Amino acid sequence: MAKSHLHALAPDVLEGLMAGAVRTRIPAGSVTHREGEQGAHLELVISGLVRVFVTAPDGRTMTVRYCRPGALIGVASLFAAGFALPAAIQPLVDTEVLRMSSTMARRMAERDVRVALAFLGELSERVMSFIHEIPGSAFATVRQRVSRHLLDLAVQREPGRDRGTQIIVPVSQQELADAVGTVREVVVRVLRELRQEGLVRTERDQIVILHPARLVAMQGWNPGS
């Protein structure tokens, strides 16, 4: 809760918002919500890592959001008329979420400006995130997209799994291809290039980042910004 946009709400407000909420464990790989699904839903990620992804007509997928502990999922569905989910939702690892009552959340947002502002904060963050995602997906090379998703997933590394400055990313080559919207063969070629340059090492169902700073530089990001 401390990482959520709801963290500043008074205890009594939170208690009302959580009325009827159900804590649920979801196994890795399960698709909890499918593209086109209708109806409001609201979930708070307690632990784990969830991806939101879209699917092309040819079956390729592309990840558009990673939801980490503290992330709210489904806020837009509370307020959009005729809402239909534009993407699917799937945990990448075993995940625990708090499934909240969408009816209660909407009712409290209408009655309490503090709840409304918390949801506005979440929605504003999502808008800015998706705007930044457009150039990252439309203009970046596959090499940049692969590097970026490796860095995104590396944030979720488990304590004690670092080997010096190396970072282990638990992802298969197929999962990485699905995340960046390409085919496995292209990812294999990109990883081979990165491996030859000494930036990564590939292992079974995981990739070791040897030089994260060089991967960051590849994106044109300023690490100090």
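Q: How many cavities of 30 Å³ or more does a search of the whole structure find?
A: This is a predicted model, and the search covers the whole structure. The largest cavity has a volume of about 30 Å³. The number of cavities of 30 Å³ or more is one.

Q: Which elements give two or more residues to the lining of the largest cavity?
A: The lining residues are M62, E133, G136, S137, R145, R148, H149, A179 and V180. By class they comprise three nonpolar, three polar and three charged residues. The elements that contribute two or more residues to this lining are α4 (113-138), α5 and α6.

Q: Why do the buried residues of α6 line one face of the helix?
A: In helix α6, which spans residues 173-180, the buried residues are L176, A177, A179 and V180. When α6 is viewed down its axis, these buried residues line one face because they fall within an arc of 160 degrees.

Q: Which element gives the most to the largest nonpolar core?
A: The largest nonpolar core has 25 residues, and those with the most contacts inside it are V146, L150, L176, L191, L194 and I209. Two or more residues of this core come from each of α5, β8 (167-169), α6, α7, β10 and α8 (212-218). With five residues, the element that gives the most is α5.

Key
Residues are numbered from 1 along each chain as its sequence is written. This is a predicted model: local features need pLDDT of at least 70, side-chain atom pairs count only at pLDDT 80 or more; totals for chains, interfaces and linings use all residues. Side-chain values use heavy atoms; hydrogens and water are left out. Buried means under 20% relative accessible area, exposed over 50%, partly exposed in between (1.4 Å probe, protein chains only). Helices (H or I, at least four residues) and strands (E, at least two) are DSSP runs, numbered from the N terminus. The arc is that of the directions from the helix axis to the C-beta atoms. On a 1 Å grid over the protein atoms alone, a cavity is a set of points where a 1.4 Å probe fits but cannot get out, and a pocket is an open set with protein on both sides within 12 Å along at least five of seven lines; lining residues have an atom within 4 Å of a point. Grid points are joined across faces, edges and corners, and a volume is the space filled by probe spheres set on the points. Ala, Val, Leu, Ile, Met, Phe, Trp, Tyr, Cys and Pro count as nonpolar, Asp, Glu, Lys and Arg as charged, and the others, Gly among them, as polar. A nonpolar core is a set of buried Ala, Val, Leu, Ile, Met, Phe, Trp, Tyr and Cys residues joined through side-chain atoms within 4.5 Å.
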